[in-house]
Amino acid sequence: MTMADPATRFAAGDRVRALSVDPSHHTRLPRYVRGQVGEVLDVQGVWPLADDRAQGRPDPRSEPVYTVRFAAHDLWGEGSHWVTVALWQSYLEPVGTQERPEEQ
Amino acid sequence: MTAHHPTSHTAARVRRLEERLIAAGLTDDAELDGIITRFLAGASPLNGARIVARAWVDDDFRARLLTDANSAIADVGLSMRSGLQEQRLTVVANTETTHNVVVCTLCSCYPIGLLGPSPSWYKSEAYRSRVVRDPRGVLAEFGLHLPEETTIVVHDASAESRYMVLPRRPAGTDGRTEDELAALVSREGLIGTALV
Amino acid sequence: MLLVVSRVNDVGGQTGFGDFTVEPDEPPFHADWEARVYALNAAMLRRGVYNLDQFRDAIERMPPADYLAAGYYERWLTAIETLTSGHDDG
């Protein structure tokens, strides 16, 4: 397996799945993409994780934020448009490999 | 649907909160007045329109705007540093085949400094819920009927980037000055619910 | 598949919210108190009393029926009240 820079796990063109989670705290992972597969379009830089900041943590984790493009047909079962969503790295897992990420 | 509280009741609630926070030393009247004044004076869709007009006449600016909007907009004297920290700006360009439209499904994120105060419809559950699912139908309600073959891309401002649409330059506008071009651009064009 | 629920603010794709109305020449604020709420929030953020994500969190924690019944700046008002309740003087 390749060891990409652990700080930035994904690159443009990668297929990623948004986690199927339901946190009790504030999150910026919209329900309609949870469990859905999309394509990374670009990296928006590194930003403090909203989930940590909302809980008042003094040292919120900072992570890359990705623009991820989802097909309407995947999200809604119909439609030909695309929806881009900006997602923190820990909201995402790789697609196309059986291996689970080792970290976290 | 529960009726909204009467405005007088809410206004009294706000006064109590304001008095409490001032008494606690957390703000004062001058600060609050200054915030409102600056907000009303500085935030305007004319800012976004100036960016668009420059991009229509200057290909180099357009290219930089689409790859690094934060540094490009300094050319027209603007920045994304109006708040506590600089926000990231992403400008998405409409083309012959692609139309972009912006939403924030989780709350109401919006580049206020460039587009002015956001309209109520942008903040409504109706717009936020529907535009990601049926953008063609929502745009039609704005009178924007796109050809079937146009690809629509909806941008959900769910993290730290704010989005602005770069509309296509209307036909028949050759020779117009930058100011004349800026006057053609509407707030809805910058959100993507209008062509320009 | 996990039964995915979420907070009341997370409305993307939900049906049933009906039509939106476009108000021509809409003013930034519909009442003076809305402007005061806007300014109070900006002042609290600037002072670091809370951060923007804590503010959003406080709005999202409103009981769903209250959230949906409240106007935009009423939600802000509720969140500021919640987040500053421990900041009384004396």
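Buried area is the accessible area (1.4 Å probe) that two parts lose on being put together, summed over both.

**Setting up**

I'm working on a predicted model, where local features need pLDDT of at least 70, side-chain atom pairs count only at pLDDT 80 or more, and totals for chains, interfaces and linings use all residues. My residue numbers run from 1 along each chain as its sequence is written, chains are lettered from A in the order in which they are written, and side-chain values use heavy atoms, with hydrogens and water left out.

**Entry 1: B against C**

I looked up the buried area here: chain B and chain C bury about 4,500 Å² between them. Of that, 60% is on carbon and sulfur atoms. For contacts (heavy atoms within 4.5 Å), I got 51 residues of chain B touching 50 residues of chain C.

Next I went for salt bridges, meaning a side-chain nitrogen of Lys or Arg within 4 Å of a carboxyl oxygen of Asp or Glu. I found eight between chain B and chain C. One of them joins B:Glu31 to C:Arg46, with the closest N and O atoms 3.0 Å apart.

Polar contacts came after that. They are pairs of N or O atoms within 3.5 Å; within protein, one must be able to donate a hydrogen and the other to accept it, and residues adjacent in sequence count only if both atoms are side-chain atoms. Across this interface I noted 18 residue pairs, both residues at pLDDT 80 or more.

Which element gives the largest share of chain B's side? It is H1(B), with 10 residues. Helices here are DSSP runs (H or I, at least four residues), numbered from the N terminus. Among the others giving two or more residues, I jotted down helix H2 (29-42) and helix H9 (135-141) of chain B.

I also sorted chain B's side by class: 25 nonpolar, 12 polar and 14 charged residues. Nonpolar covers Ala, Val, Leu, Ile, Met, Phe, Trp, Tyr, Cys and Pro, charged covers Asp, Glu, Lys and Arg, and the others, Gly among them, are polar.

**Entry 2: A against C**

I then turned to chain A, where 18 residues are in contact with 17 residues of chain C. The two chains bury about 1,500 Å² between them, 45% of it on carbon and sulfur atoms. I see that A:His26, A:Arg31 and A:Arg53 supply 42% of the area chain A buries there, more than any other three residues.

How many salt bridges are there between chain A and chain C? I count two. C:Asp10 forms one with A:Arg34, the closest N and O atoms being 3.8 Å apart.
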